[in-house]
Amino acid sequence: MKSRLLLSAFLLGTVTLSAQAFNSENPRHEKVMAQNLEQHTDTHSICLFHTPDAKGIPYRIPAILSTPKGRLIAMSDYRYCGADIGFGQIDIVGKYSDDNGKTWSEQFDIVKGNGVKNDPACGYGDAATLADSKSGDILLMCCTGNVTYWNSTRENPLRAARLYSKDEGMTWSAPEDITEDIYSLFDQREQGPIKKLFIGSGKICQSKQIKKGKYKRIYAALCTDGGNYVIYSDNFGKEWKVLGDVNQSPAPKGDEPKCEELPNGDVLLSSRKGYGRFYNIFSYKNKKKATGSWGEVVASHDCPGGIKTGANATNGEVGIFKAIRNSDGKEVDLIIQSLPAAENRAEVTIYYKALESEADYATPKALASNWEGSYLVTHAGSGYSTFCIQKDKKIGFFYEEEPGYYNMVYKTLSVEDITSGKYSMK
């Protein structure tokens, strides 16, 4: 098991892999808190999934959403094969909370891999998800199959699947294979077809401004062998299109990406790299027609006052929400970005910056410059992270944390926590 985990870490540039297993005894909250203390997490965090040693089935890749009714659903890979998608059987599992993360359900299956070699249903992993802001319908996009990212070809690719839930995650549709729907978007690319791709795990972004038909527009960011791209859908994931020119990657050297809507409706790309993030911005010319162009990609650590971390390259999350600056009561848009700060995968940190006007994000360099501060979530070894906005206006933060194999840890944070009291959620 351990050798397979290390092989996967080497292949995908992931220095450490997580592992957690479901405790069928469904321990009371007090027992979970005691377990967290033993694992050096603090009393404000809850270990949702845990494996005590290398013999357990490893869990990785956090995803979390909040529905309009306030339910939180936390998701994770459950890796029977001991490694990334393509190596064998993987399930996507979840837990839910109806009290802003104070207590959680037992683990349940969202979609199960069958473990059959060369079968498109062999495994499912790397969940990217959201709940529609009005209807509460839930979309889950994920990788599927028995081909690794590195071995993917246009003829035999790492596959893509789509699932829906219309009842707060209690039941899920059968996974639909939409591999050709996504790959074919790039078949006429001047540089040739894309051979390998997947959607960056964690959060799918939904627009607050742009609506065509029943649903507001959604965005997902792609990692491909041709660089990063952003795709969008105006019918909640039924059909996807490329945002911008298919021949121009907004981050040609980007790794696992995320995206977020800026206050003026433009789209921010945030992509994994060592020492920080790649940032780029798609500026709309016509929002309804989805026309516009990408700017010039920048590395955050090259910008004055930009986010600078150690050499680790790790997926994090980016989000923007309304906040109040407590010193003068001014309303601002607050952007937060999570990723490990240490040289290796450790010290997951949340960085923040107030966007007071469009000048603060007029260009990718402006957005990447002059961040105000940071909040250390954990001193421990830690990896991927994501978050959602809860019904109680707090941040539901979900991340991978050591010791040993990663635990999948949930933590409630206020904006005051993150910003040392400078800002509050509006």
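F87 sits in the loop between β3 (72-78) and β4 (91-97). Keep in mind that this is a predicted model.

**F87**
- With a relative accessible area of 34%, F87 counts as partly exposed, because that label covers values between 20% and 50%.
- F87 and V147 are 60 residues apart along the chain, yet their C-alpha atoms are separated by 7.1 Å.

**The largest pocket**
- The largest pocket holds about 940 Å³ of space.
- It is lined by 31 residues, and S66, S133, K208, C388 and I389 are the closest to its centre.
- Six strands each bring at least two residues to the lining: β2 (59-66), β6 (124-131), β12 (205-211), β16 (257-261), β21 (317-325) and β25 (382-389).
- Sorted by class, that lining has 13 nonpolar, 10 charged and eight polar residues.

**The nonpolar cores**
- The largest nonpolar core has 32 residues, and L139, F186, L222 and W240 have the most contacts inside it.
- Elements giving two or more residues to this core include β6, β7 (138-144), β8 (159-165), α3 (179-183) and β14 (227-233).
- β13 is the top contributor to this core, with four residues.
- Leaving out residues up to four places away in sequence, W240 touches L139, M141, I182, L185, I218, Y219, A220, I231, Y232 and S233.
- There's also a second, separate core of 21 residues, with I350, Y352, F397 and V409 among them.

Definitions and conventions: Residues are numbered from 1 along each chain as its sequence is written. This is a predicted model: local features need pLDDT of at least 70, side-chain atom pairs count only at pLDDT 80 or more; totals for chains, interfaces and linings use all residues. Side-chain values use heavy atoms; hydrogens and water are left out. On a 1 Å grid over the protein atoms alone, a cavity is a set of points where a 1.4 Å probe fits but cannot get out, and a pocket is an open set with protein on both sides within 12 Å along at least five of seven lines; lining residues have an atom within 4 Å of a point. Grid points are joined across faces, edges and corners, and a volume is the space filled by probe spheres set on the points. Ala, Val, Leu, Ile, Met, Phe, Trp, Tyr, Cys and Pro count as nonpolar, Asp, Glu, Lys and Arg as charged, and the others, Gly among them, as polar. A nonpolar core is a set of buried Ala, Val, Leu, Ile, Met, Phe, Trp, Tyr and Cys residues joined through side-chain atoms within 4.5 Å. Buried means under 20% relative accessible area, exposed over 50%, partly exposed in between (1.4 Å probe, protein chains only). Contact means heavy atoms within 4.5 Å.
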